[in-house]
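Please read it alongside the structure.

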Amino acid sequence: MAQPLSDLALHGGAPVFRTPLPYGRQWVTEEDIAAVVAVLRSDWLTTGPKGEEFERAMAAAVGAREAVAVSSGTAALHAAVFALGVGPGDEVIVPAMTFAATANAVLYQGGTPVFADVDPQTLLLDPDQVWAQITPRTKAIMAVDYAGQPCDYDALGTIAAGHGLPIIADASHALGARHADRSVGSLATLTTFSLHPVKHITTGEGGVVTTNDPGMAARMRRFRNHGITAVHALRAQAGTWYYEVEDLGYNYRLTDFQCALGISQLRRLPAWMARRRQIAAAYSAALADTPARPLAVRSNVVHAYHLYVVQLDLDRLSADRAAVFNALRAEGIHVNVHYIPVHLHPLYRRRLGTAAGLCPVAEAAYERILSLPMFPAMTDDDVASVITALSKVLQVYAH
Ligand SMILES: *Cc1c(COP(=O)(O)O)cnc(C)c1O
């Protein structure tokens with residue numbers, strides 16, 4: 001039997017959470033703080049020893065030869081697109097269901113993002129759609145491990161190899177994930193991570209690119225430092241002040257105190273991953289057969305659950321996503337929506353002439369998705385209360 005509308009906090013009922021619960025949040029310990037403070041007391045606030053130490057730790061964590069630390073996940077994407085030599089006239093295939101930064105990185109270098117649709121069950125880049133978008137101008141494929149689940153790198157790898165194309169994996173959601181016994185970070189030509197506070201580990205702002213190609217790593221290290229090379233032979237001749245600006249680079253360096261935070265946070269990644277998977281298991285068990293369907297999980301993957309996304313079965317509800325969103329927000333649950341399909345943003349409509357209808361699966365999904373709170377510091381009570389609130393809202397709006 002349907003519950004009365006007045007049970008909802010939106011209509012005057014008692015909210016489940018008095019203090020709002022965010023969808024994601026960092027976890028900073030006293031140990032992290034001590035690590036940062038130690039660097040602040042040292043001689044090296046930036047370009048010091050912690051940078052290299054963090055890069056070695058990240059490379060080891062994901063099983064890649066090289067890791068290049070930069071100032072944000074967006075800078076990591078920019079560096080990756082630069083490393084592949086993408087420029088005007090080049091096309092890069094990008095999934096429609098991602099944060100705009102994925103596609104923006106292609107525009108930064110003058111390239112053209114070409115949007116490919118996603119799989120309706122996982123919302124991951126659909127390899128058949130990638131295949132359909134390849135042209136003689138295609139320069140690279142960007143894959144996004146949406147919500148923390150690795151894409152189908154077997155299928156994408158076959159397509160990429162068949163056309164001699166590199167893959168950039170935007171793994172901002174997927175630090176710690178695995179695909180067929182290999183870690184995300186070692187599955188693509190270049191893999192980017194974000195270290196923003198809502199992501200798995202944080203440096204405040206920060207990003208990393210991992211690769212097995214030392215040449216590309218060197219190119220990205222130059223890119224994050226104004227494109228500067230220390231030309232050793234000329235330096236010996238002309239004096240140690242000599243350097244050359246080889247490429248148009250940026251200042252995308254990450255400070256040493258941020259790297260110290262990253263090193264400290266990375267130690268807790270395995271425990272945090274386990275906790276994220278526990279929370280996901282509790283949600284998935286509670287949501288079976290409800291009108292809030294969890295995304296499908298592919299076989300042969302370890303999911304990193306940056307996000308826990310449900311798709312509302314709107315046929316079974318008298319409310320739309322906005323109403324469910326507002327009702328949950330009133331209950332003190334800061335659900336979110338990831339993402340507005342990138343090609344629908346005004347920037348892309350203006351620049352590339354994209355419009356609704358281009359990626360129908362992503363567009364339909366966008367009307368139904370909600371991200372539930374998911375972060376390792378959530379207590380079991382928090383998880384149970386999210387489930388209680390969601391059940392309450394779904395029952396009120398059930399047909
Ligand atoms: C967070 C995120 C980014 C950008 O990372 P920043 O560190 O915020 O610059 C890019 N792509 C995706 C998919 C993200 O989730």
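**Notes on pockets, ligand site and backbone**

1. Helix 2 (49-62) and helix 9 (256-266) each contribute at least two residues to the lining of the second largest pocket. Helices here are DSSP runs of H or I of at least four residues, and strands are runs of E of at least two, numbered from the N terminus. Of the elements, helix 2 gives the most to this lining, with three residues.

2. The model is a predicted one, in which local features need pLDDT of at least 70 and side-chain atom pairs count only at pLDDT 80 or more, while totals for chains, interfaces and linings use all residues. Residues are numbered from 1 along each chain as its sequence is written, and side-chain values use heavy atoms, with hydrogens and water left out.

3. The second largest pocket holds about 270 Å³ of space. On a 1 Å grid over the protein atoms alone, a pocket is an open set of points with protein on both sides within 12 Å along at least five of seven lines, a cavity is a set where a 1.4 Å probe fits but cannot get out, and lining residues have an atom within 4 Å of a point. Grid points are joined across faces, edges and corners, and a volume is the space filled by probe spheres set on the points. Among the residues lining the second largest pocket are Glu-52, Glu-55, Arg-224, Arg-253 and Asp-256. By class, the lining has three nonpolar, four polar and five charged residues. For these classes, Ala, Val, Leu, Ile, Met, Phe, Trp, Tyr, Cys and Pro count as nonpolar, Asp, Glu, Lys and Arg as charged, and the others, Gly among them, as polar.

4. The largest pocket contains about 340 Å³ of space. It is lined by 21 residues, of which Phe-99, Ser-172, Ser-194, Lys-199 and Tyr-339 are the closest to its centre. The lining comprises seven nonpolar, eleven polar and three charged residues, and helix 3 gives the most to it, with three residues.

5. A ligand nitrogen is 2.8 Å from a side-chain N or O atom of Asp-170. Ligand oxygen atoms lie 2.7 Å from a polar side-chain atom of Ser-194 and 3.2 Å from a side-chain N or O atom of Tyr-339. The protein covers 91% of the 380 Å² of accessible area that the ligand has on its own, as computed by the Shrake-Rupley method with a 1.4 Å probe.

6. One cavity of 30 Å³ or more is found in a search of the whole structure. The largest cavity has about 50 Å³ of space, and its lining includes Trp-27, Lys-199, His-200, Trp-272 and Arg-276.

7. Two backbone features deserve a check. Most residues other than glycine have a negative phi, and most peptide bonds are trans. The peptide bond from His-338 to Tyr-339 is cis, with omega near 10 degrees; Tyr-339 is placed in the loop between helix 11 (321-330) and helix 12 (346-352). Ala-180, although not a glycine, has a positive phi of about 50 degrees, and lies in the loop between strand 6 (178-179) and strand 7 (182-183).

Note on methods: A polar contact is a pair of N or O atoms within 3.5 Å; within protein, one must be able to donate a hydrogen and the other to accept it, and residues adjacent in sequence count only if both atoms are side-chain atoms.
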